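Take a look at the sequence and the 3D structure below. We will walk through a few of its parts together.

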Amino acid sequence: MATRTNTQSPPLHVADSHDLIRVHGARVNNLKDVSVEIPKRRLTVFTGVSGSGKSSLVFSTIAAESQRMINETYSAFVQGFMPTLARPEVDVLDGLTTAIIVDQQRLGADPRSTVGTVTDANAMLRILFSRLGEPHIGPPGAYAFNVPSVRASGAITVERGAKKTVKATFNRTGGMCPRCEGRGSVSDIDLTQLYDDSKSISEGAFTIPGWKSDSFWTVRLYAESGFLDPDKPISRFTKKEMRDFLHHEPVKVKVEGVNLTYEGLIPKIQKSFLSKDKDAMQPHIRAFVERAVTFTSCPECEGTRLSEEARSSKIGRISIADACAMQISDLAEWVRGLDEPAVAPLLTALGRTLDSFVEIGLGYLALDRPSGTLSGGEAQRVKMIRHLGSSLTDVTYVFDEPTIGLHPHDIQRMNGLLLRLRDKGNTVLVVEHKPETIAIADHVVDLGPGAGTAGGTVCFEGTVDGLRAAGTVTGRHFDDRAALKKTVRTPTGTLEIRGATAHNLRDVDVDVPLGVLAVVTGVAGSGKSSLVHGSIPAGENVVSVDQGAIRGSRRSNPATYTGLLDPIRKAFAKANGVKPALFSANSEGACPTCNGVGVVYTDLGMMAGVATTCDDCEGKRFQSAVLEYHLGGRDISEVLAMPVTEAEEFFGSGEAATPAAHRILGRLVDVGLGYLSLGQPLTTLSGGERQRLKLATHMAEKGGVYVLDEPTAGLHLADVEQLLGLLDRLVDSGKSVIVVEHHQAVMAHADWIIDLGPGAGHDGGTIVFEGTPADLVAARSTLTGEHLAGYVGA
């Protein structure tokens, strides 16, 4: 008897119905009540013009809430040691999974931080050498350049039963070079930059920024310390006076009845200037430090950071210093060649980590490369390495423009990695502008329509084909391709570079044409930045805009960063007959209740702190008395709330006309930041906005040659057109523009292309093409030529 087969599929298990991340009513930063549904275990790309709200939705809402909820699973004691996160301003967040954020934040620029220390590669290498190195010098710490050797001896009391005092000695072998303390370089101070030795202290001998003759803590301290004759020229000091002046150890002295600490000039300068992060200094202080301090490779360890003992222990003929200096692709080969069953699991793990570097396109780096010298794109890919071999599934990976700093050839490889993470069963969320990466998405969320207050809404949600037909800004520009120029400009001269050998460059000779738009390109790691920044240093007549991060707290804003606030304050002060300091929220005009921040922060221990708008100033940041002073009918808080375009009009004519402010505002409009508010905190700006803000600031500098390092970073397809227009205006005004760039639209628009390669690291460092874009496309002799030809449809 035939049995009946039930052909119906089994009902869906209730646990399988949670396949969406639901966001309803998101209002973080400029988001306007945004609601989206994001499919899990798919690749979703978020796009839109720079400043449209992509990062606010992905990082500040979805990823931030996921992290906050995970932190809440720990005990209150542990939470007290963790960063406290406030709940994002959103009505409903449903279906979240654990978020792993891989952002573009630069890696720490600590002098002892290297590519090897920020990944696990150095730790594994140290264990390997402590097991196999000959002669054996000690445990893994003996090979670590951040562990000093320590020796101690003395009496210790053991409180066990009857107290007993015993003699003990303690030894710890570290790998740190004692001369440079693991930094690899030593600093010498140029004394001629600190003082004029033909003058006496009372005649104003000091040339150090901020050291005024009436300063109680500096000049007067030296003059009235009793160690020196303040009226004798420094060049006539005796040996003892010179030693007391430059090297005296800290000692208490009384000056006019006040107890102060006197110490030699060199240790004082080292503490007050050299111990600080150079990038965080004010420009004039940084310029002084760069003049006064010369850094040279440590003569004792030859820049390896390691002690002589650590360098003497070798596996075969290779020391740990040699291994860290190797290109990672070569180091991976060397590790594969070691056949040692006793450490087989370690060799497997180390080999896998090194292969991940190669797979992600960073095989050209070395483990001893300082982490602070990596670009934003390189730093992001270094962070990706620990996730590539991960066995975790069903987590949410969040990427912030992973293609930044990548040549079109490398973007294909990055796309493959993103798809691999998805295919393991993970949700992959990517904020991205490059059409090559948007094209591989399963789901696209397009934000806009504009930037800042004109953005913050979802313009499109669906497939890539749907985006193409949607008519949004991204959809319209998705298939845009810049055409090659029919005619190129004629150079007005050449900048000769001869024998360039920085990093991986191989004695490169090249003539960079001046008076035109010249683009330096090549795969990541081919030597572009080494050639441009190493051979064309910023200085007289050269304005260099690199990829360094903009520094700034929540008190910083476009007005303070660009120097715009100075002419505005002076204009207010002149119109009202008062001091300019009144019109600064960081100075005398600040609201005393919130100290000019506009909000009052309440710390709640392990819970998220609460920020409430200041009741006294209502978030305006100024004292009420200051707001009674007006310029052109507006008070200072109303001016800082203006968008750049409105402010340009306001300061351009009429009672408030201020030429100095108008010029700065014009530059902000030129770089496409007309929608920003003057007082918007820098911490709320997107990556693309920060890049353009920096460009606008540098445009004020007087220079005939502009060197720009990837100015399209963080820019939407529509914004790239505006940037090309700006570059054209710079060249047409008589400037020479040299751009390090991977974006094909900029290459196609160039007058001259210099292509480095053919590969990365020691496979690069040579010029593989010089000529016009049309010649490069016609020849197709390089990777860049092939991709540019495909881009322009040749």
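Is Asn415 buried or exposed? This is a predicted model, and every value here is computed from it. Asn415 has a relative accessible area of 5%. The cut-off for buried is under 20%, so Asn415 counts as buried. Find Asn415 in helix α14. Leaving aside residues up to four places away in sequence, Asn415 touches Glu436, Thr437 and Ile440.

Helix α14 also leads us to an open space. The second largest pocket has a volume of about 300 Å³. Its lining counts 19 residues, and the closest to the pocket centre are Asp480, Arg481, His743, Ala745 and Tyr791. Which helices supply at least two residues each to this lining? They are α14 (408-423), α15 (435-438), α25 (717-732), α26 (744-749) and α28 (783-792). Helix α25 gives the largest share, with 4 residues.

Now turn to closed spaces. Rolling a probe the size of a water molecule over the atoms shows where empty space is left. The model holds 5 cavities of 30 Å³ or more.

Helix α20 covers residues 565-576, which makes 12 residues. From its first C-alpha to its last it reaches 16 Å, close to the 16 Å expected at 1.5 Å a residue. Which residues of α20 are buried? The buried ones are Leu565, Pro567, Ile568, Arg569, Ala571, Phe572 and Ala573. An α-helix has 3.6 residues a turn, so residues three or four places apart point the same way. What covers the buried residues of α20 includes α19 (558-561), α21 (636-640) and α23 (659-670). After α20 comes Gly577, with a positive phi near 65 degrees.

Last, look at the aromatic rings. A pair of aromatic rings is described by the distance of the centres and the angle of the planes. How many aromatic pairs are there? The count is 16. One cluster, linked by ring pairs, contains Tyr195, Phe206, Trp211, Tyr222, Phe227, Phe237, Phe245 and Tyr262. A ring can also meet a charge. The charged end of Arg305 sits over the ring of Phe145, 5.2 Å from the ring's centre.

Key
Residues numbered from 1 in each chain as written. Predicted model: local features only at pLDDT ≥ 70, side-chain atom pairs only at ≥ 80, totals over all residues. Heavy atoms only, no water. Phe/Tyr/Trp six-rings, centres within 6.5 Å; stacked < 30°, edge-to-face > 60°. Lys NZ or Arg CZ within 6 Å of the ring centre and 35° of its normal. Expected span 1.5 Å × (residues − 1). Buried < 20%, exposed > 50% of the residue type's maximum accessible area, 1.4 Å probe, protein only. Contact = heavy atoms within 4.5 Å. 1 Å grid on protein atoms, 1.4 Å probe; cavity = no way out; pocket = protein on both sides within 12 Å on 5 of 7 lines; lining within 4 Å. Points joined across faces, edges and corners; volume = space filled by probe spheres on them.
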